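Please walk me through this structure. I would like to learn how to read its helix packing and its ring pairs.

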Amino acid sequence: RLERVEEPAEEPVDVAAMYRDHGIGLFNKGEYQEAIVEFRKVVNVYSDDAIAIDYLSKSHFQLAMVSFAKRDYLSARRGFEESLRYKSDCKKCHEYIEKSEAEYKELHYAKGLSYFRDERLAEALNEWELVQAVDPDYENVEENINKVKKLLKTLEGIQKSQEKLVH
């Protein structure tokens, strides 16, 4: 007669630890977006997992730095803000949010001036409206916008009167 031997119970698999470890590996390879996906899986199960939360902050920060380097300042700002959600005492996040906004405004204000000098009024208006949306009190942005709108209206009026002369 065969004796029945019980198999040892399998060790429970810590899925969250697997996601966390996978996320750390992705982070170390510079695959920050993919790492964020893994760390979110951990936080969905263990909302107070300090390691996953720390890496979520770091991953968002690194992604924001990539955007900042590409001069995609609004995306960078969003990334630094997201990083702050996980680590509210991130001083560099606050600094880079300010830098991102300053660089964005400076870039688009200067583009607007360049377009204005080249008599590309619609493009100048567009650039200055981007600045105004972020900071209505920046430099002379409101004054410039009003000036360009007035010029565009005048040009439109001239065009219409010329069309009447032709027809």
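**Reading burial, rings and helix packing**

A: Trp128 counts as buried, because its relative accessibility is 1% (buried is under 20% relative accessible area, exposed over 50%, partly exposed in between, with a 1.4 Å probe and protein chains only). This is a predicted model, in which local features need pLDDT of at least 70 and side-chain atom pairs count only at pLDDT 80 or more, while totals for chains, interfaces and linings use all residues. Residues are numbered from 1 along each chain as its sequence is written, and side-chain values use heavy atoms, with hydrogens and water left out.

Q: Which residue forms an aromatic pair with Trp128, and is the pair stacked, tilted or edge-to-face?

A: Rings of Phe, Tyr and Trp (its six-membered ring) pair if their centres lie within 6.5 Å; planes under 30 degrees apart are stacked, over 60 edge-to-face, and the rest tilted. Trp128 pairs with Tyr109, with 6.2 Å from centre to centre and 40° between the planes, a tilted pair. Tyr109 lies in helix α5 (residues 91–117) and Trp128 in helix α6 (residues 121–134), so the pair ties together parts 19 residues apart in sequence. Helices here are DSSP runs (H or I, at least four residues), numbered from the N terminus. Tyr109 is buried, with a relative accessible area of 9%.

Q: How many aromatic pairs are there by this rule?

A: The count comes to 11 aromatic pairs. In one of them, the rings of Phe27 and Tyr55 have centres 5.1 Å apart and planes at 80°, so this pair is edge-to-face. Phe27 is in helix α1 (residues 15–28) and Tyr55 in helix α3, 28 residues apart, so distant parts of the chain are linked. Phe27 counts as buried at 15% relative accessibility, and Tyr55 does at 16%. Ring pairs also join Phe61, Phe68, Tyr73, Phe80 and Tyr96 into a cluster.

Q: What surrounds Ser100?

A: Ser100 is placed in helix α5 and counts as buried at 1% relative accessibility. Leaving aside residues up to four places away in sequence, Ser100 touches Phe68, Tyr73, Ala76, Arg77 and Phe80; contact means heavy atoms within 4.5 Å.

Q: How do α2 and α3 pack?

A: Two packed helices are described by the angle between their axes and the distance between the axes. Axes are lines fitted to C-alpha atoms over the stretch in contact, and angles run from 0 to 180 degrees between N-to-C directions. Helix α2 (residues 32–45) and helix α3 (residues 50–69) pack at about 155°, with axes 9 Å apart. That makes α2 roughly antiparallel to α3 (over 145 degrees; under 35 is roughly parallel, 65 to 115 roughly perpendicular, the rest oblique).

Q: Which residues of α5 and α7 make their contact?

A: Helix α5 and helix α7 (residues 141–166) pack at about 30°, with axes 12 Å apart, and are therefore roughly parallel to each other. The contact is made by Tyr109, Leu113 and Phe116 of α5 with Val141, Asn144, Val148 and Leu151 of α7. These residues divide into six nonpolar, one polar and no charged; Ala, Val, Leu, Ile, Met, Phe, Trp, Tyr, Cys and Pro count as nonpolar, Asp, Glu, Lys and Arg as charged, and the others, Gly among them, as polar.

Methods: Helices (H or I, at least four residues) and strands (E, at least two) are DSSP runs, numbered from the N terminus.
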